[in-house]
Each structure stands twice: as C-alpha cells, then as structure tokens.
Amino acid sequence: QVQLVESGGGLVQPGGSLRLSCAASGSIFRIIQMGWYRQAPGKQRELVADINSGHSINYADSVKGRFTISRDNAKNMVNLQMDSLKPEDTAVYYCNTRAYYTVTSWNEYWGQGTQVTVSS
C-alpha cells in the first residue's frame, strides 16, 4: 500500500499565499502521477493540478496563473504553491497519486485532506 501525508493547510486572508506539501511512502515501485484535488462544501471533488512522470502539468482554469505545482521525484513529494488566494479557493485539498506497487500493478491513492480557508 501507498500512504500520502499532507501538510500546509490553514487560514489565510484573500490575496495571501499557502504552500501544500504531500509525501508518498510505502510500497512504491513507480509513481505515474501526483496531484491535488479539492472539495468545497456542497460541491463535487475537482482537479486542481497534477503532474505526471514526464513532468506534463494540468491546471484547473480557475487556478491558472495563481497556483504552481511541483514534484520532487527523489523524495516522492508533490507541492502546491497557492498565491493570490480567493475566498472561492476555500475547500478541503486532497493529495492524489496513481502509482505502481509492483512491476505490472497500479492503484490510485488519496491523502486524508487538509483544510484551506480563505477569509478576512
């Protein structure tokens, strides 16, 4: 199994910044992709940003130009730098990965979630 541990959430004023980090550990043979999703109250979980092993990156339109995702392959970590935060960014943020745990078998894993609140 693969475990994901997130850190870095909290309360910030509009226009402020936060940095989320996620570390993957456990039976990792090869990571395919790492990323961040979020879920606001009453809404579906949505992709924020992800990055694959080839360093191809996807961002939700709502965060382009404000958020930056980065990955440390050696440490199996993914970070999300969030700048110019808006109240509508308030949500629980989940780390996500798809990883091979053997040569031929892969699975999808989720972190426990970290709360990000943007409010004055």
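Modeller: Let me begin with a term: a contact means heavy atoms within 4.5 Å. This is a predicted model, in which local features need pLDDT of at least 70 and side-chain atom pairs count only at pLDDT 80 or more, while totals for chains, interfaces and linings use all residues. Residues are numbered from 1 along each chain as its sequence is written, and side-chain values use heavy atoms, with hydrogens and water left out.

Biologist: Which residues is Val 12 in contact with, leaving aside neighbours within four places in sequence?

Modeller: With those neighbours set aside, Val 12 touches Ser 17, Leu 18, Leu 85, Thr 117, Val 118 and Ser 119.

Biologist: And where is Val 12 found?

Modeller: Val 12 belongs to strand E2, residues 10–12, where strands (E, at least two residues) are DSSP runs numbered from the N terminus.

Biologist: Is Val 12 buried or exposed?

Modeller: Its relative accessibility is 12%, so Val 12 counts as buried, which means under 20% relative accessible area with a 1.4 Å probe, protein chains only.

Biologist: Changing topic, how many disulfides are there?

Modeller: The count is one disulfide, taking a disulfide as a pair of cysteine sulfur atoms within 2.5 Å. That bond joins Cys 22 to Cys 95, with an S to S distance of 2.0 Å. Cys 22 lies in strand E3 (residues 18–26) and Cys 95 in strand E9 (residues 91–100), so the pair ties together parts 73 residues apart in sequence.

Biologist: What about its handedness?

Modeller: The torsion about the S-S bond of Cys 22 and Cys 95 is about -85°, so this disulfide is left-handed. Cys 22 is buried at a relative accessible area of 0%, and Cys 95 is buried with a value of 0%.

Conventions
Helices (H or I, at least four residues) and strands (E, at least two) are DSSP runs, numbered from the N terminus. Buried means under 20% relative accessible area, exposed over 50%, partly exposed in between (1.4 Å probe, protein chains only).
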